[in-house]
Amino acid sequence: MKMFRQLLTFYTRNLVDKPVITRSIVSACLASTGDVIAQQIIEKRGDKHDFFRTLRMGFFGGCIAGPALSIWHPFLDRSVRFKRKSLATISRVALDQTLYAPFIIGMFFSVQGLLEYRKFELIKQKLDKGYFTALKNNYRIWPIAQLINFWLVPLTHRVLFINLVALGWNTYLSWLNQRTRMVTEMTTKQIQ
């Protein structure tokens with residue numbers, strides 16, 4: 001418990017000086033960790049670990065998700081204000097799940113496709129195969145997680161809370177991305 005408090009203190013101290021960089025580094029680390037879990041525990045790849053896949057996940061977490069969340073949460077906090085905390089919380093969750101979630105999931109599959117050097121048509125197929133599945137599963141997890149986040153967690157630590165929940169979510173997205181990649185490759189080979 002002492003180590004956890006020390007880490008939280010270190011994290012909070014760095015948020016003051018470099019909030020976006022701090023959140024982005026944590027997002028990159030946890031997105032990469034999610035991929036390692038997907039490859040080693042779910043897919044059981046062992047020594048056939050795809051390190052570039054882990055780097056792609058880390059890139060997305062650090063360069064896309066971390067900065068986006070660093071902007072999105074303060075924006076929601078400033079923009080959605082009601083006298084009743086419950087109304088503000090529900091409104092923030094609704095906006096998060098109708099605007100941010102569909103956008104970031106689409107970005108995830110698109111960026112992963114680009115980083116995999118896929119042609120536009122294959123990226124489109126990847127989106128067709130994975131986007132709605134991921135969005136549907138998003139709605140099973142994130143509304144409740146965000147309800148807890150917006151209700152209980154101070155603004156400065158909301159991205160950290162999201163990143164901790166996202167460890168499991170990133171594991172799932174990494175696995176789903178790999179599955180959609182394999183399906184699009186098989187489809188393309190059958191067409192040729």
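Predicted model: local features only at pLDDT ≥ 70, side-chain atom pairs only at ≥ 80, totals over all residues.
**The largest cavity**

The count of cavities of 30 Å³ or more comes to one. The largest cavity holds about 340 Å³ of space. Its lining consists of 24 residues, and those nearest the centre are Tyr100, Ile104, Trp142, Ile162 and Trp169. At least two lining residues are supplied by each of helix 2 (19-42), helix 3 (51-79), helix 4 (85-115), helix 5 (120-152) and helix 6 (158-191). Helix 4 provides the largest share of this lining, with seven residues. In terms of class, the lining of the largest cavity comprises 16 nonpolar, seven polar and one charged residues.

**The largest pocket**

The largest pocket contains about 350 Å³ of space. Its lining is formed by Phe4, Leu7, Leu8, Phe10, Tyr11, Val26, Leu30, Val153, His157, Leu160, Phe161 and Leu164. Helix 1 (2-17), helix 2 and helix 6 each contribute at least two residues to this lining, and the largest share, five residues, belongs to helix 1. By class, 11 of the lining residues are nonpolar, one is polar and none is charged.

The two spaces may be set side by side as follows.

| Space | Volume | Largest share of lining |
|---|---|---|
| Largest cavity | about 340 Å³ | helix 4, seven residues |
| Largest pocket | about 350 Å³ | helix 1, five residues |

**Two buried polar side chains**

Asn163 belongs to helix 6. Its relative accessible area is 5%, and Asn163 is therefore classed as buried, the cut-off being under 20%. The side chain of Asn163 makes a polar contact with the side chain of Ser27, at 3.1 Å. When residues up to four places away in sequence are not counted, Asn163 touches Arg23, Val26, Ser27 and Leu30. Among these partners, Val26 and Leu30 are also found in the lining of the largest pocket.

His73 is located in helix 3. With a relative accessibility of 0%, His73 counts as buried. Leaving aside residues up to four places away in sequence, His73 is in contact with Gln146, Asn149, Phe150, Leu155, Arg158, Val159 and Ile162. His73 and Thr33 are separated by 40 residues in sequence and by 23 Å in space, from C-alpha to C-alpha.

**Positive phi angles in two loops**

Lys44 lies in the loop that connects helix 2 and helix 3. Although Lys44 is not a glycine, its phi is positive, at about 50°. Its relative accessibility is 64%, and because the cut-off for exposed is over 50%, Lys44 counts as exposed.

Tyr117 is placed in the loop between helix 4 and helix 5, just after the end of helix 4. Tyr117 likewise is not a glycine, and its phi is positive, at about 60°. With a relative accessible area of 77%, Tyr117 is exposed.

Methods
Residues numbered from 1 in each chain as written. Heavy atoms only, no water. 1 Å grid on protein atoms, 1.4 Å probe; cavity = no way out; pocket = protein on both sides within 12 Å on 5 of 7 lines; lining within 4 Å. Points joined across faces, edges and corners; volume = space filled by probe spheres on them. Helix = DSSP H or I, 4+ residues; strand = E, 2+ residues; numbered from the N terminus. Nonpolar A, V, L, I, M, F, W, Y, C, P; charged D, E, K, R; others polar. Buried < 20%, exposed > 50% of the residue type's maximum accessible area, 1.4 Å probe, protein only. Polar contact = N/O pair within 3.5 Å; in protein donor to acceptor, adjacent residues only side chain to side chain. Contact = heavy atoms within 4.5 Å.
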